[in-house]
Amino acid sequence: MPVSGLPPSPIQATIPLDAEGVRHGFLRLPYSRDDSAWGSVMIPIAVIANGDGPTALLTGGNHGDEYEGPIALFDLARTLRPEDVSGRVIIVPALNYPAFRAGTRTSPIDKGNLNRSFPGHPTGQPTAKIADYVTRSLLPLADVVLDFHSGGRTLDFVPFAAGHILDDKEQEARIFDAVEAFGAPWSVKMLEIDAVGMYDTTAEQLGKVFVTTELGGGGTSRAETVRVARRGVHNLLVHAGILKGEMEQAPTRWLDMPGDECFTFATDDGMIETCIDLGTAVREGDPIARIHPVGATGTPSLTYRAAMDGVLAARHFPGLVKAGDCVAVLATVA
Ligand code: ZN
């Protein structure tokens with residue numbers, strides 16, 4: 001949980017976050033280093049505000065190798081007109097900016113995985129400082145939060161928006177309404193392997209309506225998944241009462257992740273053959289992937305079978321796989 005009594009954040013916004021109109025600026029994170037003694041990391045931010053209304057906080061690039069969010073959000077920052085807004089939209093298209101510029105999941109500066117660094121710390125490494133700024137300076141301003149993710153270089157997902165199952169059922173219902181409004185082809189009541197340190201967890205603990213996504217992967221974007229991202233952010237802003245206009249109707253299918261049996265992990269290195277395509281239904285016991293040994297001919301491959309009935313929601317992306325990698329994620333159609 002966010003803690004009080006911490007020193008102030010070293011990050012400063014170069015624009016006011018509470019002014020009317022359109023502002024483009026930076027979150028300036030001081031970062032002294034060999035090639036720039038008094039240097040900074042300049043994280044782009046835009047604020048579009050008009051009159052009274054709720055605040056949406058929209059972020060992409062939490063992981064640096066996921067592109068649908070940054071594409072949709074740089075675009076929105078360019079085009080959103082204040083006269084179409086009631087309230088405020090805060091856009092940070094590439095939140096872990098050093099990671100985004102390097103095209104890597106984690107920061108090249110400190111190896112920080114931003115989505116495992118929350119609530120962060122103002123005197124920590126740069127990634128921890130970004131998390132702390134979001135926790136203490138941005139999240140308190142927000143009513144609704146959208147954090148874009150995709151699979152990055154090592155995973156590929158069916159395009160979905162998601163919320164988490166929470167103890168607070170009233171908050172959970174508001175979150176699932178927002179996920180439905182986003183209108184991705186799939187909507188997921190999501191189970192996390194490892195929720196400690198996630199932006200999601202901190203935002204949910206602060207009572208926010210928090211929507212996340214997984215929109216594809218492989219370290220790039222696709223035409224369909226970018227369309228889903230653009231439509232989703234539009235729909236979410238209309239749903240929140242911030243953006244004038246109509247939601248673009250889009251049917252969605254709900255998925256549940258009932259437990260650990262959703263996840264399959266590799267037990268050895270090799271070359272992966274995914275036996276079914278994303279979104280395909282499987283029955284318990286069906287083969288979902290084979291890992292072929294690559295050292296010699298004549299050695300048997302290892303077959304991974306579905307531990308439950310469901311659909312393939314995610315798969316390992318590159319052709320080579322290592323022991324411990326996530327091979328597949330199954331989900332059940334709700
Ligand atoms: Zn991610």
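This tour moves through the model from the metal site to the salt bridges, the cysteines and a surface patch.

The model is predicted, so local features are reported at pLDDT of at least 70 and side-chain atom pairs at pLDDT 80 or more, while totals for chains, interfaces and linings use all residues. Residues are numbered from 1 along each chain as its sequence is written, and side-chain values use heavy atoms, with hydrogens and water left out.

**The zinc site**

Select the zinc ion together with His-63, Glu-66 and His-149. The ion is coordinated by ND1 of His-63, two OE atoms of Glu-66 and ND1 of His-149, at 2.0 to 2.4 Å. Donors are N, O and S atoms within 2.8 Å of the metal (3.2 Å for Na, K and Ca); water is not among the atoms, so sites may look incomplete. The arrangement is irregular because the 4 donor atoms subtend angles of 56 to 148°. For reference, four donors count as tetrahedral if all angles lie between 85 and 135 degrees; four count as square planar and six as octahedral if opposite donors are over 155 degrees apart and all others between 65 and 115; anything else is irregular.

In sequence, the donor residues follow the spacing H-x2-E-x82-H. His-63 sits in the loop between β4 (55-59) and α1 (68-79), and His-149 in the loop between β6 (144-147) and β7 (155-157), 86 residues apart. Helices (H or I, at least four residues) and strands (E, at least two) are DSSP runs, numbered from the N terminus. His-63 is buried at 2% relative accessibility, and His-149 is buried at 4%. Buried means under 20% relative accessible area, exposed over 50%, and partly exposed in between (1.4 Å probe, protein chains only).

**The salt bridges**

The whole structure contains 16 salt bridges, each a side-chain nitrogen of Lys or Arg within 4 Å of a carboxyl oxygen of Asp or Glu.

- Select Asp-84 and Arg-81: their closest N and O atoms are 3.0 Å apart. Asp-84 is partly exposed at 22%, as is Arg-81 at 43%.
- Select Asp-194 and Arg-116, whose closest N and O atoms are 3.4 Å apart. Asp-194 belongs to the loop between β9 (186-190) and α5 (199-205), and Arg-116 to the loop between α2 (97-102) and α3 (126-138), 78 residues apart.
- Select Glu-273 and Arg-290, which meet at 3.2 Å, N to O. Glu-273 lies in strand β13 (residues 270-274) and Arg-290 in strand β15 (residues 287-292), so the pair ties together parts that are 17 residues apart in sequence.
- Select Asp-156, Arg-222, Glu-224 and Arg-315, which are linked in a network of salt bridges.

**The cysteines**

The structure holds 0 disulfides, a disulfide being a pair of cysteine sulfur atoms within 2.5 Å. For Cys-275, the nearest cysteine sulfur is that of Cys-326, 15 Å away. The sulfur of Cys-326 is 10 Å from the closest cysteine sulfur, in Cys-262, too far for a bond. Cys-275 is partly exposed at 26%, whereas Cys-326 is buried at 16%.

**A nonpolar patch**

Finally, select Met-271, Val-294 and Leu-320, which make a nonpolar surface patch of about 310 Å². Patches are made of residues with over 30% relative accessible area and no salt bridge; like charges are joined within 9 Å, and nonpolar side chains (Val, Leu, Ile, Met, Phe, Trp, Tyr) within 5 Å. Accessible areas come from the Shrake-Rupley method with a 1.4 Å probe; for residues, only the protein chains shown count as cover. Leu-320 lies in strand β18 (residues 320-321) and is exposed at 58% relative accessibility.
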